Amino acid sequence: MGKEMKKYRGSANYIVSEELMNSVNIAIALGKPLLLKGEPGTGKTMLAQSIAEALNMRLIIWNIKSTTKAQEGLYVYDTVQRLYDSQFGEGDVSNIKQYIKLGKLGEAFVSDEQVVLLIDEIDKADLEFPNDLLWELDQMSFYIPETKETIVAKHRPIVIITSNAEKELPDAFLRRCIFHYIAFPTPEEMEKIVRVHHPDIDRKLLEQAMEAFYMLRSLPNIQKKPSTSELIDWLQALVIGGIKPSRIKQELPFLGVLLKKNEDLDVVLNQLYNKNQNKNATTYISGSINRFRV
Amino acid sequence: MFTDFYYVLKAYGVPVSMNEWYTLMEALEKGLAGSSLTGFYYLCRSVLVKTEAHYDRFDLAFAHYFKDVETPEGLPEKIWEWLDKELPEMEITEEMRRNHRQLDLDELKRMLEERLREQTEEHHGGNYWIGTGGTSPFGHSGYHPGGIRIGGQSRNLSAVKVAGMRRFQEFRTDETLGVRQFQVALRKLRQFTSRLDGQKTELDLDGTINKTCQNAGRLELVWERPRENSIKVLLLMDAGGSMTVYSRLCNQLFTAVNKSNHFKDLKVFYFHNCIYDWLFHTPHCSLSDYTETEYVLKTYDPEYRVIIVGDASMAPYELTRVGGVIDWELYNDKPGIEWLRRIRRKFEYSVWLNPIPRDYWEWTDGAFTIKKIAEIFPMEELTVDGLERAIKKLRSRQAVANL
């Protein structure tokens, strides 16, 4: 490795797996976009922040919505402003350049230093959206016909793209990406992640809560499985509520924090009810749920 | 040297393109695999595999191809300790590169064993002993083309083992899954036509502003055709007795199709085993409630995408004979196969989804009729993968074979 290469090794507030770290470094070294997929709450968006922080670069975020067009990422020609200016005699109307506003991608290209560009939730956009960006991401340049200018990236930005798999991305686009699927954290990894957010949580409490959490995730009939962020919120709730660790698994207090769907709550409560029936301990399952009647 | 691996991947159904293969070669040249099999595994996977649905296939292919390669295990604890100390990366000169001849794995292993016997202390740098840095083939953070990495970034687990664990099995899309997956697949069945036909009835605001501004303020209206999905779907479902086993699966598909509100039109009909003169409105296939197949063939335009769901398994006479219909009170003067052919001829965008897994098509009771019907309609199994393939076929005209 002749040239000094930037290597990402994770940052203080983000736990990164070895695999993911490898993928990031491969993407950086090859100058290709890194496409991240994974369940919601596995930290896809956080990764870009962490990379920017660790490598001390600026982070540019391009949030994709269903109406976003590829063109908007490159530049917008503000014809309306130009019309106003011409009518009120302000500014230099003949200089079209000042009405060209660069989009997020354009901004990343002209930056004097290498930046991290996050294209968030690319699958939200139209099916053709990724294809419209092929050339720009490949060549890292685009042409502005209005000013006859070509914008070329001064430094190839590190491009991170996230997708929630709502749509399949086109093959041509995929071929140009480095792909990584973030698997759901294993209990050991999860413990590390939790420790980042709650450094001094009671070990016993964490242990019990994690067991309950993974038990819930493993139930086959759950439609929306609880994710990392929900676990963290739940732990917070447990700590504030002063719940004894021994009660967690039996009663699943504040279940509403973990499960957001009525059907899911019903499934879990039914199971819990059946289990506890023999012990005659069904009277107070959880204060937060009143739909449940014995 | 890995060219075989490319073909192994293809054989296992991982769609690798030359493009990606070149990228991999480039990456290897840059030393991104970190000269360890684990590093190589992750490198290959991130460059070559583009969906988690193929992770499992990739793992299988990798395990198959590299099963004979093993990284030495059971190293003395002490050596791990020496290796735990990381060194800054080192500069590699041309000369160093030349000095190394490529060692093959057997030779390396033999040498490592020898070295393990001889070595009694910590080494960093240098070109012989096990340690960090340096150019000895053993250890980490050093440089040796094709050396054995011990410790450092790579883990105690060999890549073949990681691959062998098949952690991503659950993401295989050829498994049958739920409504949501079907819905996602069905979502691909769409065709936005702002360009093809229809009146320009929508005001294109951006276009209008742009044009007006370019005209220095003189208003110019720009109209657009509304973007609409033009796909119309005709769903024909077998409600016969042999389908009861698959009712759950069919229900899931049915729910998904119904929930997909992006179709311009959706018509559902039922039939019993094979299609004859009648298409029924309810799964009970009662003779008081039906539309004539003839009517459907005459009035529905050929742009309808036809999805037929059925096990295609019946007695041969039900398909080929006049009067072969299974229901006692009915009589058909055209054999079922004739109706199927007519449907196929009229609706070029049509597929047959079969809930029987493809592997059994040749062995199940209805093998004969399955084969016959598969000659008429492109047939796919009713899984998420199968549905996706079917939808691909529905998007483009399929060649109509010898009807």
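## How α1 and α4 of chain B cross

In this predicted model, helix α1 (residues 3-11) of chain B crosses α4(B) at roughly 140°, and their axes come within 9 Å. That angle makes α1(B) oblique to α4(B). Angles under 35 degrees count as roughly parallel, over 145 as roughly antiparallel, 65 to 115 as roughly perpendicular and the rest as oblique. Axes here are lines fitted to C-alpha atoms, for helices over the stretch in contact, and angles run from 0 to 180 degrees between N-to-C directions. Helices (H or I, at least four residues) and strands (E, at least two) are DSSP runs, numbered from the N terminus.

The crossing of α1(B) and α4(B) is right-handed; a crossing is right-handed if the near helix is turned clockwise from the far one by less than a right angle, and left-handed if anticlockwise. On the α1(B) side, the residues that meet the other helix are B:Asp4, B:Phe5, B:Val8 and B:Leu9, and on the α4(B) side they are B:Phe58, B:Ala61, B:Phe62, B:His64 and B:Tyr65. Contact means heavy atoms within 4.5 Å. Sorted by class, this contact has seven nonpolar, one polar and one charged residues. Ala, Val, Leu, Ile, Met, Phe, Trp, Tyr, Cys and Pro count as nonpolar, Asp, Glu, Lys and Arg as charged, and the others, Gly among them, as polar.

## The two faces of α1 in chain B

Which residues of α1(B) are buried? They are B:Phe5, B:Tyr6, B:Val8 and B:Leu9. Their arc around the axis is only 165°, which puts them on the same side of α1(B). Buried means under 20% relative accessible area, exposed over 50%, and partly exposed in between (1.4 Å probe, protein chains only). The arc is that of the directions from the helix axis to the C-beta atoms.

The buried residues of α1(B) pack against α2 (18-29), α3 and α4 of chain B. The face turned away from that buried side carries the exposed residues B:Tyr7 and B:Ala11. After α1(B) comes B:Gly13, with a positive phi near 85°.

From α3(B), the contact is made by B:Leu37, B:Phe40, B:Tyr41, B:Cys44 and B:Arg45, and from α4(B) by B:Tyr55, B:Phe58, B:Asp59 and B:Phe62. By class, there are seven nonpolar, no polar and two charged residues in the contact of α3(B) with α4(B).

## Chain A and its helix α4

Turning to chain A, its secondary structure comes to 14 helices and nine strands. Buried residues make up 48% of the 294 residues in chain A. Among contacts in chain A with a separation of 6 or more, residues 24 or more positions apart account for 72%.

Helix α4 (residues 79-88) of chain A has A:Thr79, A:Leu83 and A:Asp85 as its buried residues. They cover an arc of only 165° around the axis, which puts them on the same side of α4(A). What covers them includes β3 (75-77) of chain A together with α10 (205-214) of chain B. Just after α4(A), A:Gly89 takes a positive phi of about 65°.

Where does A:His198 lie? A:His198 is in the loop between α9 (187-197) and α10 (203-218) of chain A. At 11% relative accessibility, A:His198 counts as buried. Leaving aside neighbours within four places in sequence, A:His198 is in contact with A:Ile232, A:Leu235 and A:Gln236. A:His198 and A:Ile232 are 34 residues apart in sequence and 8.1 Å apart in space, C-alpha to C-alpha.

A:Glu121 is not a glycine but has a positive phi of about 55°. A:Glu121 belongs to the loop between β5 (115-120) and α6 (129-132) of chain A, and it is partly exposed, with a relative accessible area of 26%. A:Met140, another residue other than glycine, has a positive phi near 55°. A:Met140 sits in the loop between α7 (134-139) and β6 (141-144) of chain A and counts as buried at 3% relative accessibility.

## How to read the names and values

Residues are numbered from 1 along each chain as its sequence is written, while chains are lettered from A and ligands numbered from 1 in the order in which they are written. In this predicted model, local features need pLDDT of at least 70, side-chain atom pairs count only at pLDDT 80 or more, and totals for chains, interfaces and linings use all residues, while side-chain values use heavy atoms, with hydrogens and water left out.
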